[in-house]
Amino acid sequence: MKNNGHTVIVLLDESGKVESGGLNGKYKAVQFHFHWGSQVGKTRSPGSEHSIDGERYPMELHIVHIKEKFSSVESAIKEKGVAVLGFFIKAGKKNSNYEPLISNLEKIGAPEQKVEIPALPLESLIPDKKDLTSFYRYTGSLTTPACNEEVIWTLFEKPIELEWEQIEEFWEKVYFDDKKTLPMVDNFRPVQPLGARIVQKSNSNLLLPSRSALLLVPTAAFLAFTWVS
């Protein structure tokens with residue numbers, strides 16, 4: 001796990017795979033990272049990079065995958081070989097599955113600091129498989145520089161739950177600077193205009209309300225995961 005100067009990123013051993021669900025081929029998981037908001041006084045601001053009908057969440061998790069034949073995100077992005085799974089994170093009950101990660105945040109407070117954390121099954125960090133049949137799909141861009149286009153996004157409706165105290169650990173333990181004077185907060189890209197992109201929705205052939213500006217068309221009902229480590 002590493003503080004790369006703009007987020008908390010966890011590098012993976014690439015054994016986790018995802019396929020089907022409308023994806024073109026098999027992709028391997030190479031890293032995951034987070035985006036989150038902030039708190040000023042008693043006012044908490046959302047930090048998710050996506051919204052549904054204008055609703056945003058305190059955090060968002062991105063699991064970055066590349067097609068199996070590529071060795072890095074940099075090489076995959078040149079040939080449209082990147083797929084990102086996005087998950088909203090809402091405030092709720094304590095999530096013990098995240099404790100091995102959250103308990104080590106203080107060790108990566110400054111940029112470029114890193115720490116080895118205990119092995120975590122990826123599927124323990126996301127909603128149950130039965131809750132992964134409802135998702136949105138569109139082709140967009142990476143949300144961090146250089147914001148490369150042609151990334152396949154899958155955004156799941158069912159959010160992950162963390163308690164507020166767990167979310168606050170990200171605000172309070174991680175910093176943008178070496179001197180730890182600039183807390184890493186609001187590290188998200190604002191929601192972008194839809195433009196000419198078409199957003200698909202799994203398991204439906206109904207149009208969304210016009211205020212959503214999203215086109216809802218059928219896609220495959222499930223993604224196949226082989227996340228064992």
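In this predicted model, Glu-60 touches His-33, Phe-34, His-35, Ser-48, Glu-49, His-50, Phe-87, Phe-88, Ile-89 and Leu-155, leaving aside residues up to four places away in sequence. Glu-60 itself belongs to strand S7. What about a partner for its charge? Glu-60 is buried but makes no salt bridge, and Arg-56, the nearest side chain of opposite charge, is 7.1 Å away.

A polar atom of the His-65 side chain lies 3.2 Å from the backbone oxygen of Ile-63.

Now for the rings. The model has 9 aromatic pairs. In one of them, Trp-36 and Phe-170, the ring centres are 5.1 Å apart and the planes stand at 50°, so the pair counts as tilted. This pair links distant parts of the chain, with Trp-36 in strand S4 (residues 27–36) and Phe-170 in helix H3 (residues 164–173), 134 residues apart. Trp-36 is buried at 0% relative accessible area, and Phe-170 is likewise buried at 0%. Ring pairs also connect Phe-32, Phe-34, Trp-36, Tyr-98 and Phe-170 into a cluster, and one of its members, Phe-34, is among the residues that Glu-60 touches.

Tyr-57 and Phe-88 make a stacked pair, at 4.5 Å centre to centre and 25° between the planes. Tyr-57 lies in the loop between strand S6 (43–45) and strand S7 (59–67), while Phe-88 is in strand S8 (residues 82–91), so the pair ties together parts 31 residues apart in sequence. Tyr-57 counts as buried at 14% relative accessibility, and Phe-88 is buried at 0%.

The charged end of Arg-44 sits over the ring of Trp-164, 3.9 Å from its centre. Likewise, the charged end of Lys-201 sits over the ring of Tyr-136, 5.6 Å from its centre.

Lys-201 has a salt bridge as well, meeting Glu-157 at 3.3 Å, N to O. Here Lys-201 comes from strand S11 (residues 200–201) and Glu-157 from strand S10, 44 residues apart. Lys-201 counts as buried at 11% relative accessibility, whereas Glu-157 is partly exposed at 31%.

The salt bridges come to 7 in the model. Among them is Glu-161 with Lys-90, at 4.0 Å from N to O. Glu-161 lies in strand S10 (residues 149–162) and Lys-90 in strand S8, so this bridge ties together parts 71 residues apart in sequence. Both ends are partly exposed, Glu-161 at 26% and Lys-90 at 32%.

Another bridge joins Glu-14 to Lys-28, with the closest N and O atoms 3.2 Å apart. Glu-14 is in the loop between strand S2 (8–11) and strand S3 (17–19), and Lys-28 is in strand S4, 14 residues apart. Glu-14 counts as partly exposed at 28% relative accessibility, but Lys-28 is buried at 10%.

How values were computed. Residues are numbered from 1 along each chain as its sequence is written. This is a predicted model: local features need pLDDT of at least 70, side-chain atom pairs count only at pLDDT 80 or more; totals for chains, interfaces and linings use all residues. Side-chain values use heavy atoms; hydrogens and water are left out. Rings of Phe, Tyr and Trp (its six-membered ring) pair if their centres lie within 6.5 Å; planes under 30 degrees apart count as stacked, over 60 as edge-to-face and the rest as tilted. Helices (H or I, at least four residues) and strands (E, at least two) are DSSP runs, numbered from the N terminus. Buried means under 20% relative accessible area, exposed over 50%, partly exposed in between (1.4 Å probe, protein chains only). A charge sits over a ring if NZ of Lys or CZ of Arg is within 6 Å of the ring centre and within 35 degrees of the ring normal. Lys and Arg count as positive and Asp and Glu as negative; His and the chain ends are not counted. Contact means heavy atoms within 4.5 Å. A polar contact is a pair of N or O atoms within 3.5 Å; within protein, one must be able to donate a hydrogen and the other to accept it, and residues adjacent in sequence count only if both atoms are side-chain atoms.
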